[in-house]
Each structure stands twice: as structure tokens, then as C-alpha cells.
Amino acid sequence: MSRVWRRNRHWLTPVLFLLPGLILFGSVILAASIETVWISLHDWDGIGAKTWVGLANYVELADDPQFYVSLKNNIIWLLIFMLAPPIGLALALIVNQQIRGMRILKSLFFVPLVLATVTVGVVFGWVYDPNFGLLQLLFGAFGGTAPALLSDETFVTFAVAAAGLWPQIAFCMILFLAGLNSLNDDLIAAGRVDGARGWRMLRHVVLPQLSQVGFIAIAVTVIGALRSFDMIAVMTSGGPYGSSTVLAYQMYQESIFSYRFGYGAAIATVLFVIMIVFIAWYLNGLIKAERSNA
Amino acid sequence: MTTDFSAFTTTRRRFLKGTGAALAASATGLCLPALAQAQEITIISNLSNVEQRQILQRLASEYEAKSGAKIVINNMDHEAHKTAIRSYLVVGAPDICFWFSGNRMKAFVTKGLFDDISDLFAKENYKSVLGATTSAVTVGGKHYGLPMGGLLWGLFYRKDVFAEHNWTPPKTWNDFLAFGEAAKSATMIPISMGTKELWPAGGWFDHMNLRINGLDKHIALMDGKVPYTDPMLTPVFDKWNDLIKGGFFSPNHSSFGWEQAGAALAQKKAAMMDLGGFVRSAFPEADLPQLAYAPFPEIVPGVARYEDFSVNSIHVPANAKNKQGARDFLAFFYKPENLGAFLAAEGAIPPRNDCPPSKDPLVNAAVEELKKVVGTSQYYDRDTDPDMAQEGMAGLQEFMVKPERREQILKRLDKTRKRIFG
């Protein structure tokens, strides 16, 4: 036993260490993804037998007005979420100052990250409530009536995405704060000697050192925007009449409420294809960064 | 130094070996509890009413003491249960589960997931006490569940508000239109409605269609035999449009659910509300005596009185492990005194005619009303295919917000109908 082990351990050890991760990744991510694509080629209610329909689900999807609503909303989410990295950076720069009381401010900005997304959704749902919400109180103070954001088909996605933006900003802020803490003091001192201050210091000395973190913040935000689901489920259930659904929510609705797992899987596959573009870009950036560091 | 280091590596190796052994042991250990309990009955309940859950628990303990069997009750969230049942009926079925009779039950019966309990029906002679309700749990002459409490849908109002304004519940369509104007001039919302969960819009459609086209045509539509673009629906949407344009419904109704709409009724901000007896849960205890029921007004004279009457049900899954135990417990649970106590907590109408009379005047009123009803459907999302119901209710909600899109909504719904019913 021990001789076999000794002879083979140079390759057995890494294999054994990798195995749990590989099994988990293989079964939960890879196999599930492949099965999703397979299911998307069938008509299936989730219980009974699957019927092969080829690309019919995709053909129907191309002709489904709801699909284009979801796609449009995904783009709105993406654009709104793009505000998170710059705002997060600005907040990080502010709370990074050595001023008394900054720690409290820092933890206050950190709060939304601690809350569950569902909680954030419920809280914002109340804020937007046309009868007793904070927004109505605000408008009421000026003698106006707040628009019922969550029942207006034009504004609803913006309102929900804005709620999702709140924790995302906090997340980006944390990333940038960590980046600010690992700045190279020598470079800053050298910049100071050369007379760089304020904006020029930020633009030419600090920001270049944060480019790695900025890249991660943007990539994570893009993926976060595309997989948005819980906020919509809690705040609107995709309503009014489906005008706030995104692809992930439509997939859930088709599979779970309408019992159309094949159609839902087709939506999931489309979402996957969109995501893979961003993920590939993200991984490519990560690998590049690792190479340049090595 | 070197010895220290090697000592560390051996402990790490030993640690890994130990962990591996522990994992292997736990993996084999998993197979052990398969030696099942001799007599265990598992129940999955979807009850959201705390009082009802307590009564179920009490009945279970009484049965345990009587029979020696062990009863395990798993409570699930009502909405989450609707999706979970599809998987647990296939893998890991309990011995008893709660569900909805009619079409929703039939969907599982045709897939062979509910057990035929006709033997229990015959043994306990349920047909004689259930009467017409039996049909709600019957498919092809076989019985697949026991009907539970029924909900009679209609318009609810506050007696004190009506007395104060000298109103009477509207009987005809013209009465109803006049009542709406009166309510508006008293700065009240005529009909409180919250459509965030979509179904209240479906219910309103049911009631108008039943009053205009009658039960047979309504069911034909639910079964996908009549297109949504059929001219028979024109008067339904014309009249509904009049109400929407006339400001009869709560503003921004798509941003809240029935609970908030019910609160508006309780707080005298709205005059009436279309719901089942469970509207009582939106009322404070002290205000309950003010709550009263009125049937949906007549629209086309001469159309017989048909109502939405939805019946919940309880079933034995086909994959249950202890089918005999489940039947024995159901026989105990379904005794008139036990069932009566269980349903009284919900304000539902008992399906058995030998249950003790209810102390709740609303339930008794509903029982009396039900005697005048000629035929019943269940509810939009219980009568039609679930896929159709989802699209249909969203479409009806859209119509209530944007009535000018009527043509395109109905065309879209008919496209869905053709896809589903072929």
C-alpha cells in the first residue's frame, strides 16, 4: 500500500485534492448546464415524459413579446448598475479620509451589504408604496402626489433596479476601500515630491493602481445585473402585467408557474450565452493580470 | 527544525486520513435509517392560518393517543407549497397532503400521482353526506381526495357604512352603477381591489362572465373551447371598461395585494370588495360583526345565478408509503366534529352536511346563499390550465390598467389558448 502510494503520490495527491471540487463543479454547474440545453430542446412539464421539439422553443421565443420586454429590462439593469463602480469609488475616497467619525460613516455605508437582498426589496417596496410610502410623504410635503412607481410599466424597472443598486454600491465601495489600503506609499510620496496634489494625484498616481480592483468591480457588477432576480420577485413579481420581468425571472415564471420547463430552459440558455460573453471577458482579464503579476 | 516540520506533515496527513475515514463512515451511515418506523403517517400542510395549524396538531395528537401511530406534520408556506408539490409527489411523497380540488387536482390525477380513495368513500359512506361536492374530487367515477372547506366568492361590505349612507347592496347592473357614483360622491373607492398577485382580476372577470354568458359558456372558455376573441366576450369587456373609465376600482391597484385592499375596506376607505370569506382576516376582531356578504349583481336579466365556489381538498399521494395509515387518519380527521372545528377556524363552508352549525354568521349566510346558487365554477386559476391562467390573469390585469389595449391583449391571450389547447 505505502509503496504504491509513494510511487504515485506525485500525481495522486493533486488529483485527490482537486477531486471534491471537480465533482461538485462537474455535477452542479457543468452537468446542470448541459442538461438545461438538452431540456430546452424538449416540451416538458416537469413531471411527465419529455417530447423532442428541436428548436421550436427558440423559434417561439423569437416571436414572444415578453422575451423582448425581459431583454430590454436586462439592458436597463445593466446600465443602471454601471453607476455602482464610480459611485462606490467616490464613496470609498470620501470615507477613506482620516477624520473623526469616519468609521461610523463607513459602517453606515456598509449596512446594505449586510442586509439580505429580500429585505432590501421589501424595504424599498414600502418606500415606493403610493399610499403610505416614504416617497409619498416626501412628495406630500411639497403638496404633490408621488407616482406609483411599482405599478407604472415605464418606471417600474428603473425603480427596482435602483433598489438593487444600493447594496451593489456598498459592495463596490468595499472593493475600492480594500484597494486604497494596499496603495504603494512610495509612489504617493514620490508623486508628492514632484508636486502632484488633489485631482492630478488621484488621476495619475492613485487611479492607475486601482485599475485591477476597478476591473473586478465592473465585472462583478455586470454579472450581478444580469442575474438579478430576487429583487424583482419580492418587489413586483414581474408585474404589472410582466413589464418588470428580466430573463432570469421570466425563466422562473415559465418553468414554475406555467409548468413549461422546456421553454424556461430555452430562456436560461439564451441568458447563459449572454453571460458567457462577459464571463469570458472577466476570466481573460483575470488571467492576464495573474500573468503580469507573476 | 526539520523534525518539527516533518511532524507537522505527518499530522496533516493523519488529519486527511482521519477526515476521509469520517466521510466514508458518514456516507455508509446514511443508509442505516432506511429501516422505517412501523407505523408513521407523514402530512404536508400548506395552512397559513395559525389556529388551523393548531387544530390539526391537536387532532393528530388525539389520533396518536388513540391508535398508537406516530404522526409527523410538516408545514409549508402556502405559495411555496404550490411549486414544491410537483416535486414531492414524484420523489419523497408524504402520506397525506393538502391541495385544491377540481382541475388542479385533475392535473395530478391524470399523471397518476394521487391515490384512488374510492374504497374509503364507500367504507365511510361519504357520498351521502357530501352530496354535489363529491364531483369536485371525482375523475372518471373514481374519488381521488376529500373535499375540505369551500369559499363562496362575492361582494363584501360594512353594514355600518351602508347604513350611514342609506345604501343597499346593488341587485342589478343599473343599481351597481348608481351605487358606484354614490360611493364616489361620498369620497370612497366603490370597489377595493389589489391585483399585485393577479388573481383578483381573474375573479372579477369570472363574475362578470358568469352573469353575462352563464356557466356553460364560461366553462367552455376555461376549457379552451371558445377563443378569447369571441364576440360573446364583447359585452363583458365593454361593461368592465365602463367601470374602469368610471373610476370604480382602487387607483394603482397593481402595486398592492388583497390584504391592503381588504384593509381599505375595513378602514372605510372603500365601499365594497370582491373576495371570499377570508376577507375577515383583514378586519380587526371588534369590526367583524359589521362585515356582510352580498352576491355579485345581476347583469343580464334571466341568466341563472352561478357563482365561483372554490373547494380545497386533501389527498393521499400515489407514492405514499403508508396508504392504509393515511386512510385511517383521514377517516378520523373527517369526522363531522373534527372537520367542523378545523374549518370553523378558516371561516370556510364545510362540505359535509352533518357538521355542527357554525357560530360564524358569515359562514351561515354563505351556506344559505349557496342554496340559491344554480351552478358553480371554482375560480379562474383553478378552472383553466395553469399556463393559460398565468397569461390570462396578467392580461386581465393589463386590461384594468390600460383598457385601450384590449384588442391586442385578447389576441395575445388567444394565441396562448391555441398553443395550450391546440
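Predicted model: local features only at pLDDT ≥ 70, side-chain atom pairs only at ≥ 80, totals over all residues.
Local features were considered at pLDDT of at least 70 and side-chain atom pairs at pLDDT 80 or more, whereas totals for chains, interfaces and linings use all residues. Residues are numbered from 1 along each chain as its sequence is written, and chains are lettered from A and ligands numbered from 1 in the order in which they are written.

Chain B was divided into domain 1 (36–150 + 311–364) and domain 2 (152–309 + 368–421), with bounds from an automatic or database domain assignment. The C-alpha centres of domain 1 and domain 2 of chain B are 29 Å apart. Contact between the two domains of chain B involves twelve residues of domain 1 and twelve residues of domain 2, a contact being a pair of residues whose C-beta atoms, placed from the backbone, lie within 7 Å. On the domain 1 side, α4 (103–109) and α14 (361–372) of chain B each give two or more residues; helices are DSSP runs (H or I, at least four residues) numbered from the N terminus. The largest contribution to this side, three residues, comes from α14(B). By class, the domain 1 side has six nonpolar, five polar and one charged residue. Here Ala, Val, Leu, Ile, Met, Phe, Trp, Tyr, Cys and Pro count as nonpolar, Asp, Glu, Lys and Arg as charged, and the others, Gly among them, as polar.

The contact between the chains takes 16 residues from chain B and 17 residues from chain A. On the chain B side, two or more residues each come from α3 (78–88) and α16 (386–401). Of the elements on this side, α16(B) gives the most, with eight residues. The chain B side consists of four nonpolar, seven polar and five charged residues.
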